[in-house]
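User: I have a model open here and would like to go through it with you. Can we start with the fold and then move to details?

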Amino acid sequence: MSGAYLDLADRLRECIPRGQGSHGLLEAIPLIGNRRALVFLVSDFHFPLALLESILAGVARHQVVPVVLEDSRESEPSPRMGLVRVRDPETGEERTLLMRPSLRHRLRAQAEQRRAAVFDCLAAHGAPPLVLTDRFDVDRVNRYFSP
């Protein structure tokens, strides 16, 4: 492995993330540099679509691989009816919901609409997503990069 890769690996190991939220992705764009690069955009993509548009516009000269990390529990709400505790993984905020069939159906529909909107946005920028649900799937990654 070349010295540049080892240096990058050391820098990543020592990196202490600052701040929170997805706006840091915009701040990272100038750090990529001007030479065409392979950019992996790894996220659950639970941030405003306008921000996603800005990010994709900022990396348009690069080859972008959006890696969508999905949690099946988000698209398939609890089958349990009655009071359920839910926690927002981004904010840590907890809420109690009265789960009933109509709410379960609405949550599922909202998740499907959001997923479709994100995928449409990525497609419009020529960046088909690599979707990983619940775990790293090496076969899915290999299929994504195979012709």
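User: How many helices and strands does the protein chain have?
Analyst: The model is a predicted one. Its protein chain has 6 helices and 5 strands.

User: In what order do the elements run from the N terminus on?
Analyst: The order is α-α-β-α-β-α-β-β-α-β-α.

User: What box do the C-alpha atoms fill?
Analyst: Roughly 55 × 35 × 30 Å, with the box taken along the principal axes.

User: And what share of the residues is buried?
Analyst: Of the 147 residues in the protein chain, 22% are buried. The accessible surface is about 10,700 Å². Carbon and sulfur atoms hold 56% of that surface.

User: What share of the contacts comes from residues 24 or more positions apart?
Analyst: They account for 62%, counting contacts with a separation of 6 or more.

User: Switching to charges. How many positive and negative side chains are there?
Analyst: There are 20 positive and 19 negative side chains in the protein chain. The centres of the two sets lie 2 Å apart.

User: How many salt bridges does the count come to?
Analyst: The count comes to 4 salt bridges. One of them joins Glu-70 and Arg-115, with 2.5 Å between the closest N and O atoms.

User: Which elements do those two lie in?
Analyst: Glu-70 is in strand 2 and Arg-115 is in helix 5, so the pair ties together parts 45 residues apart in sequence. Arg-115 is partly exposed, at 37% relative accessible area.

User: Which residue does Arg-85 pair with?
Analyst: Arg-85 forms a salt bridge with Glu-94, and the closest N and O atoms are 2.8 Å apart. Arg-85 counts as exposed because its relative accessibility is 55%, and the cut-off for exposed is over 50%. Glu-94 is partly exposed at 44%.

User: What about Arg-135, which residue does its side chain meet?
Analyst: The side chain of Arg-135 meets Asp-137 in a salt bridge, at 3.8 Å from N to O.

User: Is Asp-137 buried or exposed?
Analyst: Asp-137 is buried, with a relative accessibility of 17%. Arg-135, on the other hand, is exposed at 55%.

User: New topic, the surface. Which residues make the nonpolar patch?
Analyst: Leu-38, Phe-40, Val-42, Leu-69 and Phe-145 make a nonpolar surface patch of about 480 Å².

User: Which strand gives the most to the patch?
Analyst: Strand 1, residues 38-43, gives the most, with 3 residues.

User: Where does Leu-69 lie?
Analyst: Leu-69 lies in strand 2, which covers residues 63-70. Its relative accessibility is 40%, so Leu-69 counts as partly exposed.

User: Now the backbone. What is the phi of Phe-45?
Analyst: Phe-45 has a positive phi of about 60°, although it is not a glycine. Most residues other than glycine have a negative phi.

User: Where does Phe-45 lie?
Analyst: Phe-45 is in the loop between strand 1 and helix 3, the latter being residues 49-58. Phe-45 counts as buried, because its relative accessibility is 1% and the cut-off for buried is under 20%.

User: What about Asp-134, what phi does it have?
Analyst: Asp-134 has a positive phi of about 70° and is not a glycine. Asp-134 is placed in the loop between strand 5 and helix 6, residues 138-145.

User: Back to Phe-45. How many residues along the chain separate Val-118 and Phe-45?
Analyst: Val-118 and Phe-45 are 73 residues apart along the chain, with a C-alpha separation of 7.4 Å. Val-118 lies in helix 5.

User: Which residues is Val-118 in contact with, leaving aside its neighbours within four places in sequence?
Analyst: Val-118 is in contact with Phe-45, Leu-49 and Leu-52. Val-118 is buried, at 4% relative accessible area.

User: Last one. Where is Gly-126?
Analyst: Gly-126 is in the loop between helix 5 (101-124) and strand 5 (130-133). Its relative accessibility is 55%, so Gly-126 counts as exposed. The C-alpha atoms of Gly-126 and Val-65 are separated by 9.7 Å, and the two residues are 61 residues apart along the chain.

Methods. Residues numbered from 1 in each chain as written. Predicted model: local features only at pLDDT ≥ 70, side-chain atom pairs only at ≥ 80, totals over all residues. Heavy atoms only, no water. Helix = DSSP H or I, 4+ residues; strand = E, 2+ residues; numbered from the N terminus. Buried < 20%, exposed > 50% of the residue type's maximum accessible area, 1.4 Å probe, protein only. Contact = heavy atoms within 4.5 Å. Areas by Shrake-Rupley, 256 points an atom, 1.4 Å probe, with all protein chains shown as cover. Lys, Arg positive; Asp, Glu negative; His and termini not counted. Charge placed at Lys NZ, Arg CZ, Asp CG, Glu CD. Patch = residues over 30% accessible without salt bridge, like charges linked within 9 Å, V, L, I, M, F, W, Y side chains within 5 Å.
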